[in-house]
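Here are a few friendly notes to read alongside the model. Have it open while you go through the points.

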Amino acid sequence: MPKIKLHNSKVRKKEIFEPIDPSNVRMYLCGPTVYDRAHLGNARNVILFDVLFRFFREIYGDDNVKYVRNFTDIDDKINQRAKDLGKEIQVITDETIAWYLEDMALLGNLLPNEMPRATNYVTKMIKMIEDLVHSGHAYEAKGHVLFSVTSFKDYGSLSGRSIEDMIAGARVETAPYKADPLDFVLWKPSSDDLPGWQSPWGRGRPGWHLECSAMSHDLLGDTFDIHGGGNDLIFPHHENEFAQSKCCFPSGGFANFWLHNEMLQVDGKKMSKSLGNSVFPNEIFYGSNKAFSKKFSPMTLKFFMYQAHYRNTLDISNDALLAAEKGFQKIKNLNEEISTIYESKKNDFNASAWVNECYEALNDDFNSPKLIAKLFDLHKTVIEIKNKTKS
């Protein structure tokens with residue numbers, strides 16, 4: 001069994017990955033909030049986890065790896081989008097999920113084993129909140145239920161942030177009913193025009209952070225192998241997930257490894273819907289974005305993303321995709337060229353040594369740039385052997 005090293009955000013360094021149970025390797029990826037199309041930055045962690053999924057299936061067996069990726073279909077952004085468009089919320093979420101699945105499939109990603117929707121887990125979420133209140137880790141205030149961060153001594157350990165840094169974080173919501181500025185919402189009231197469920201605290205809906213904790217626990221258990229997402233989720237989302245899950249299920253460890261990918265950039269700026277610089281997969285596939293000179297195939301786009309390590313930023317541009325298209329074409333031609341040299345008796349290509357070097361790149365925290373370099377080395381070697389054979 002190869003020694004696989006993964007960068008574990010929890011300890012901020014590479015560690016050797018050893019599954020809890022090799023016959024039941026479990027991983028969870030935070031999926032999209034389904035109010036609009038996913039942009040290319042949103043696709044980056046899906047591509048990473050697709051490699052992880054395929055690699056683990058090869059090592060541990062197809063039936064021994066469980067991959068869960070959720071859909072967040074309860075969220076204020078969804079409510080606002082439905083109001084703006086004058087559509088039913090489920091129409092918005094169903095349409096957005098269909099777009100997402102189409103785009104991810106075109107990019108050649110396998111479907112996860114499970115794709116839970118948050119709306120199907122509200123009963124589980126209410127039970128978790130009740131347990132947290134009973135154990136003193138949560139409290140009710142003005143129709144809200146909030147998690148008490150001071151009740152969990154390890155709060156901040158995942159993100160490695162101080163209390164001062166966390167309070168200063170732009171995504172910490174302040175409210176007068178909070179006992180502490182960092183306390184976060186587990187349940188909030190819903191007016192008649194918003195989605196809501198009956199609970200011990202009145203009609204309402206769950207907080208975003210709680211949704212992933214409920215779905216991952218139900219499908220993967222108290223402790224599972226890997227949790228992932230973009231590095232913009234480390235705080236507060238993943239920090240809060242970790243805290244509430246550890247307090248609700250104290251005998252478990254939640255996720256042993258945390259994998260976070262860097263952001264995709266446009267002109268040196270993070271790709272973001274709020275910044276208005278999003279590039280969407282369908283724009284690339286069908287050539288509808290004027291910043292790009294032509295259509296690019298899904299596999300060219302995927303190859304482009306592999307050219308940078310998943311923990312490094314990557315800037316997308318027309319020139320970058322044109323270069324990726326040429327590089328990918330070289331790799332596509334390899335199959336035919338390798339077949340040619342195998343048919344010849346005059347070759348000195350050591351296939352097993354090259355394959356081992358490729359695995360070494362994958363084993364080293366999925367070093368895709370190193371793997372691509374090995375593929376280009378192979379292309380050069382194959383051409384040299386073909387030319388020698390002809391002479």
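How many salt bridges does the structure hold? The structure holds 17 of them, a salt bridge being a side-chain nitrogen of Lys or Arg within 4 Å of a carboxyl oxygen of Asp or Glu.

1. A word on the ground rules. This is a predicted model, where local features need pLDDT of at least 70 and side-chain atom pairs count only at pLDDT 80 or more, while totals for chains, interfaces and linings use all residues. Residues are numbered from 1 along each chain as its sequence is written, and side-chain values use heavy atoms, leaving out hydrogens and water.

2. Burial comes next. Of the 391 residues in the chain, 52% are buried (under 20% relative accessible area; exposed is over 50% and partly exposed in between, with a 1.4 Å probe and protein chains only).

3. Arginine 37 and aspartate 103 form a salt bridge through their side chains, at 3.2 Å from N to O. The two residues are 66 residues apart and link distant parts of the chain. Both arginine 37 and aspartate 103 are buried.

4. Another salt bridge joins the side chains of arginine 311 and aspartate 365, at 2.9 Å from N to O. This pair also links distant parts of the chain, 54 residues apart. Arginine 311 is partly exposed at 30% relative accessibility, whereas aspartate 365 is buried at 0% relative accessible area.

5. One more for your list: Asp50, Arg54 and Lys302 are linked in a network of salt bridges.

Key
Helix = DSSP H or I, 4+ residues; strand = E, 2+ residues; numbered from the N terminus.
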